[in-house]
Amino acid sequence: MNRVFSLRRLLALLFITIWLAAALGPARADETRRRLRVPILMYHYVSEPPEDADRYRLDLSVTPEQFAAQLRWLRDNGYTAVSLDDVYRALRAGARLPERPVVLTFDDGYADAYQHAFRLLRQHAMTGTFFVVTEWLDQARPGYLTWDQAREMAAAGMSIQSHSRSHPDLSRGCDHDCLVYQVLGSVETIEAEIGVRPRFFCYPSGRYNREVMTVLEQVGIVAAVTTQGGTLHVSERPLELARVRVRGSTDLGDFAWMLRDWRG
């Protein structure tokens with residue numbers, strides 16, 4: 001009788017322990033190799049380009065009307081905006097994602113990230129990840145976010161992550177000390193200004209090498225996004241996440257195709 005009671009008690013304690021771990025503890029990375037398809041959309045400007053815009057500015061500019069239509073399409077077609085944290089946990093620990101996940105990322109920290117992207121994301125009850133170049137915010141550079149705006153965005157559920165201190169080519173002419181300055185410096189600045197330490201990084205101009213990735217790992221970055229096209233991510237390469245570039249010329253038909261069918 002006592003043995004039966006002890007077994008029942010042990011099973012009850014085991015159940016409680018497992019439940020608490022699932023409810024309170026974060027998913028832990030394991031050694032399972034996983035492949036995951038999640039479109040990580042890459043935006044730059046969300047604004048009307050100026051009349052004298054060159055071809056690069058035109059290519060990088062999605063108008064607020066285009067962006068609003070894209071968000072409506074995502075909502076109407078059952079997509080759920082998730083965070084890079086969600087993708088990382090799914091990739092490295094097997095955490096579950098909604099049926100149609102999508103990540104919205106915005107590079108460089110332009111002023112229209114607050115004026116248009118943030119406003120439209122809130123209207124559609126979605127969240128985004130904004131990669132900022134910290135010196136540009138420190139300098140209050142015209143055309144870019146301010147730290148007050150970044151704090152407001154973070155308080156509303158947006159993610160503020162690192163895009164380096166000054167946006168150099170980290171793969172050329174940047175020694176170890178330079179890499180630490182660019183990566184750790186930006187991480188600590190964001191932590192000081194926002195109150196949350198960044199865990200994700202966006203390579204300036206998409207350029208990186210093994211030395212860059214080593215420094216990312218040393219300062220606690222768990223995953224990084226590239227400019228490589230694709231929707232497939234593998235668990236053994238979290239520092240090389242592919243993205244889907246949204247261009248000024250991307251119409252709604254192209255947008256739908258990229259999310260539904262593209263296997264680049």
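1. The structure holds one disulfide, a term used here for a pair of cysteine sulfur atoms within 2.5 Å. The bond joins cysteine 174 and cysteine 178, whose sulfur atoms are 1.9 Å apart, and the disulfide is left-handed because the torsion about its S-S bond is about -90°.

2. This is a predicted model, in which local features need pLDDT of at least 70 and side-chain atom pairs count only at pLDDT 80 or more, while totals for chains, interfaces and linings use all residues. Residues are numbered from 1 along each chain as its sequence is written, and side-chain values use heavy atoms, with hydrogens and water left out.

3. Cysteine 174 counts as buried at 13%, whereas cysteine 178, at 23%, is partly exposed; cysteine 202 is buried, with 0% relative accessibility.

4. Of the 264 residues of the protein, 47% count as buried. The protein has ten helices and twelve strands, these being DSSP runs numbered from the N terminus (helices H or I, at least four residues; strands E, at least two).

5. The largest pocket holds about 280 Å³ of space. On a 1 Å grid over the protein atoms alone, a pocket is an open set of points where a 1.4 Å probe fits, with protein on both sides within 12 Å along at least five of seven lines, and lining residues have an atom within 4 Å of a point; points are joined across faces, edges and corners, and the volume is the space filled by probe spheres set on them.

6. Which residues lie nearest the centre of the largest pocket? They are His44, Leu60, Asp108, His167 and Ser205, among 19 lining residues. Helix H2 (55–60), strand E6 (101–108) and strand E12 (241–245) each supply at least two residues of this lining, and the largest share, three residues, comes from H2.

7. Glutamate 240 lies in the loop between strand E11 (232–234) and E12, and at 22% relative accessibility this residue counts as partly exposed. Leaving aside residues up to four places away in sequence, glutamate 240 touches Tyr208, Met213, Ala224 and Thr226, a contact meaning heavy atoms within 4.5 Å. The C-alpha atoms of glutamate 240 and threonine 226 are separated by 5.9 Å, although the two residues are 14 residues apart along the chain.

Key: Buried means under 20% relative accessible area, exposed over 50%, partly exposed in between (1.4 Å probe, protein chains only).
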